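These entries record what I looked up in one structure.

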Amino acid sequence: MATLIGAHNFAALKAVYERPSLRWILQPKMQLAFSGRKMTLQSKSSDEVEGSPFDHKGLLQSRELYQYVLETSVYPREPAPLKEIRAITENHPYFFMGTSPDSGQLIAMLLDMLNAKNTIELGVFTGYSLLLTALTIPDDGKILAIDPNLESYEMGLPIIQKACVEHKIDFKHSPALPVLDKLLEDDDNKSSFDFAFVDADKSNYGNYHERLMQLVKVGGLIVYDNTLWYGSVGMPEESVDKLIRPERSYLLELNKSLAADTRIQISQVPLGDGMTICRRLF
């Protein structure tokens, strides 16, 4: 979930994340409690703790079930470098932007099924999904990775280097749209990518889609992260925390647009914060 949130909302989201109730994954004494559409966090001693709309990253309806999935099917197969980059990301002030490991497992399978070799990633953060892709594609494969935040990328870079996959990565320290537009100036780049992963600023997802539809080949995949936005897309607007409404509105528009786009086959998957997988048909 390497989300680059709009600057106008970033500080506010960080403030929410700094509430004591947040790090439920890192605090085993805490457990989730659900009541209707509202989600709060309680300790086992039933002490009330202030809740946050971001307390539960996954969409499964209990912490125990999510942990079961992770511990049974995900963590045993997670490569050591990914465990390491996930561990250092937990110390980042915006740790919640990291790709969830269960989502990453599906991405790796999609890359393998495609025999993907040439990929593009919009939004890198500390590099969990980037490293996962680099570990999955062939040794002569390439990833064009784009992110305006160099500092976060450099946090995970030593692990990427230790894994001996840095040679597969072409990192562009830039907003994504100028890079995509530059690529499209050369016809050789059109329909040249096997796979695209988008986990960037939600306000531009629609703009990214139109460009990626030209860059990804027929039969290739475009995967958009965070398309269920903490489950808020299925709630009445008045029930959604004001802090996440702007991104929610962009994602509602995107989801509607993707569902109506006859150029693609889609599947919206409730892993992590929701992923929409798009296969280009023509």
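**Entry 1: strand β10 and its partners**

I began with the pairing of strand β8 (residues 216-225) with β10: the two run antiparallel and are joined by five bridges. I noted that the model is a predicted one. Looking for a pair of residues across these strands, I found that L221 has R279 in β10 as its bridge partner.

I then turned to strand β9 (residues 264-269), which is also antiparallel to β10 and is joined to it by six bridges. Here I recorded I266, which stands opposite C278 in β10. The hairpin of β9 and β10 has five residues between the strands, and in it G272 takes a positive phi near 55°.

Is strand β10 enclosed or open? I checked its burial: five of the six residues of β10 (residues 275-280) are buried, so the strand is largely enclosed by the rest of the structure.

**Entry 2: the sheet as a whole**

I next asked in what order the strands of the sheet are arranged. I read the order as β6-β5-β4-β7-β8-β10-β9, an open sheet of seven strands with mixed pairing. At the edges I found β6 (169-173) and β9; each has a single partner strand, so one side of each is left without a neighbour in the sheet. From one strand to the next, the twist averages 15°.

Which helix packs on this sheet? I identified helix α4 (residues 101-114), which touches β4 (118-122), β7, β8, β9 and β10. I also noted its direction, which makes about 170° with that of β7.

**Entry 3: helices α7 and α8**

I looked up how α7 and helix α8 (residues 205-215) pack, and found an angle of about 30° with the axes 10 Å apart. Because angles under 35 degrees count as roughly parallel, α7 is roughly parallel to α8. I recorded the crossing of α7 and α8 as left-handed.

For the residues that meet, I listed A176, L177, L180, D181, L183 and L184 in α7, and N207, Y208, R211, L212, Q214 and L215 in α8. Sorted by class, the contact of α7 with α8 comprises eight nonpolar, two polar and two charged residues.

**Entry 4: two loop residues with positive phi**

I looked at S191, which is not a glycine and yet has a positive phi of about 55°. I placed S191 in the loop between α7 (176-184) and β7 (193-198). Is S191 buried or partly exposed? Its relative accessibility is 34%, so S191 counts as partly exposed.

W229 is not a glycine either, and I noted for W229 a positive phi of about 40°. I found W229 in the loop between β8 and α9 (245-260).

**Entry 5: the protein overall**

How many helices and strands are in the protein? I recorded nine helices and 10 strands. Of the 282 residues, 51% are buried. Among contacts with a separation of 6 or more, I noted that 71% are between residues 24 or more positions apart.

Conventions:
Residues are numbered from 1 along each chain as its sequence is written. This is a predicted model: local features need pLDDT of at least 70, side-chain atom pairs count only at pLDDT 80 or more; totals for chains, interfaces and linings use all residues. Side-chain values use heavy atoms; hydrogens and water are left out. Buried means under 20% relative accessible area, exposed over 50%, partly exposed in between (1.4 Å probe, protein chains only). Helices (H or I, at least four residues) and strands (E, at least two) are DSSP runs, numbered from the N terminus. Two strands pair if DSSP finds at least two bridges between them. Axes are lines fitted to C-alpha atoms, for helices over the stretch in contact, and angles run from 0 to 180 degrees between N-to-C directions. Angles under 35 degrees count as roughly parallel, over 145 as roughly antiparallel, 65 to 115 as roughly perpendicular and the rest as oblique. A crossing is left-handed if the near helix is turned anticlockwise from the far one by less than a right angle, and right-handed if clockwise. Contact means heavy atoms within 4.5 Å. Ala, Val, Leu, Ile, Met, Phe, Trp, Tyr, Cys and Pro count as nonpolar, Asp, Glu, Lys and Arg as charged, and the others, Gly among them, as polar.
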